[in-house]
Amino acid sequence: MWSISKQSRQMALEHSQLQSLILQRTSEVQNLSVRLLKVQDEERRRLSRDLHDSTGQTLAALKIAVSVLEQSCSADVSKMAIVSEVSDLADQAIEEIRTMSYLLHPPLLDEVGFACAAEWYVEGFTKRSGMSVRFDIAKEQQRSPISMETTLFRVLQESLTNVHRHSGATQVGVCYRHDPAKIVLEVQDNGHGMSEEGLARFRAGGGIGVGLAGMRERLRDLNGDLQIDSDCRGTTIRATFAKEGFIADGVLGVNASAARFCAQEVAPL
Ligand SMILES: Nc1ncnc2c1ncn2[C@@H]1O[C@H](COP(=O)(O)OP(=O)(O)OP(=O)(O)O)[C@@H](O)[C@H]1O
Ligand SMILES: [Mg+2]
């Protein structure tokens, strides 16, 4: 009798040790995935700058040289046709590099904030996808911390990409609003919705692809929240930050201006 109770005490101890080990490992994996997302953001920012400053400038120089060539062979019709074609190709390459660079990290995001970058992105998405996007984006009175703005932008990009790839929707709505207590970004489509299994897996804390799981990790890292509502009439992705209590750049935020102050003291992501 005595030995059975000793055995069960031993088992309970081992069980609780295992549980705390699982919690510790889960938190390590979460920290690692957040670090990876930050590294990915830094990499995108660097690539965006390199494409703009290096390949973009080389193409701009090429374009100038071709213009000089165009002037010098204006009398020769057949040469002129070839040079014009080269000029058009240079224009196309400049445009492609510019779009790629801006999609990797839009300069508007750093310069004027999420609302302007979001409008620019939604306009481009409408042209590229041919989908109709209704948007209602509130201009901020104050800038939010850069890590929060970057997260909102990545949520917008991933949600719209998902709508285009998976939803079969004909219409999308993007709504960004500031309530007194919170900041909310919603992307809503009228597609066929997510599978029940996929939704259940997401709600249980798992992921299907990298996109939704990455969004959730980004938000969790800043004390934000990601919710999905989905049925056969469509899907809504909702990212929410409380105006008080979010964590910006490793610091607990009190209000937007205080968090901005904190954000300026550390290097941006
Ligand atoms: N708006 C949507 N409408 C319908 N299904 C969706 C929508 N968004 C996501 N899904 C479903 O949820 C799944 C998971 O999305 P998630 O973004 O995590 O991965 P993914 O898009 O498949 O791949 P990736 O890792 O490249 O993002 C998708 O494969 C799709 O089945
Ligand atoms: Mg995706």
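Helices α5 and α7 each supply at least two residues of the shell around ligand 1. Helices here are DSSP runs of H or I with at least four residues, strands are runs of E with at least two, and both are numbered from the N terminus. This is a predicted model, in which local features need pLDDT of at least 70, side-chain atom pairs count only at pLDDT 80 or more, and totals for chains, interfaces and linings use all residues. Residues are numbered from 1 along each chain as its sequence is written, while chains are lettered from A and ligands numbered from 1 in the order in which they are written.

**Around the ligand**

The shell has 18 residues, and N162, S167, G209, G211 and L212 come nearest to ligand 1. A residue counts as near when its C-beta atom, placed from the backbone, lies within 6 Å of the molecule. Helix α5 gives the largest share of the shell, 5 residues. By class, the shell holds 10 polar, 6 nonpolar and 2 charged residues. Ala, Val, Leu, Ile, Met, Phe, Trp, Tyr, Cys and Pro count as nonpolar; Asp, Glu, Lys and Arg count as charged; the others, Gly among them, count as polar.

N162 sits in helix α5, and M215 lies in helix α7. A residue is buried if 20 or more other C-beta atoms lie within 10 Å of its own, exposed if 12 or fewer, and partly exposed in between, with C-beta atoms placed from the backbone. N162 is buried because 20 other C-beta atoms lie within 10 Å. M215 is buried because it has 25 other C-beta atoms within 10 Å. Each can be paired with a residue elsewhere in the chain.

| Pair | Separation along the chain | C-alpha separation |
|---|---|---|
| N162 and L226 | 64 residues | 15 Å |
| M215 and V155 | 60 residues | 6.0 Å |

Leaving aside neighbours within four places in sequence, M215 is in contact with R154, V155, E158 and L226. Contact means that two C-beta atoms, placed from the backbone, lie within 7 Å.

**The core**

The largest nonpolar core has 27 residues. Such a core is a set of buried Ala, Val, Leu, Ile, Met, Phe, Trp, Tyr and Cys residues joined through C-beta atoms within 7 Å. A118, L152, F153, L156 and V187 have the most contacts inside this core. The elements that give two or more residues to it are α4 (114-129), α5 (146-167), β2 (171-178), β3 (182-189), α7 (210-221) and β5 (234-242). Its largest share, 7 residues, comes from α5. Beyond neighbours within four places in sequence, F153 is in contact with L109, F114, A117 and A118.

**The whole protein**

The protein has 8 helices and 7 strands. Of its 269 residues, 23% count as buried. Its C-alpha trace spans about 110 × 45 × 40 Å along the principal axes. Helix α6 (residues 196-203) lies largely in the open, because 0 of its 8 residues are buried. Just after α6, G205 takes a positive phi of about 100°.

**Confidence**

The mean pLDDT, the predictor's confidence in each residue from 0 to 100, is 86 for the protein, and 90% of its residues reach 70 or more. Among the elements, β3 has the highest mean pLDDT (96) and helix α8 (residues 256-265) the lowest (34). Over residues 255-269 the pLDDT is below 50. Where pLDDT is low, the predicted coordinates should not be read in detail.
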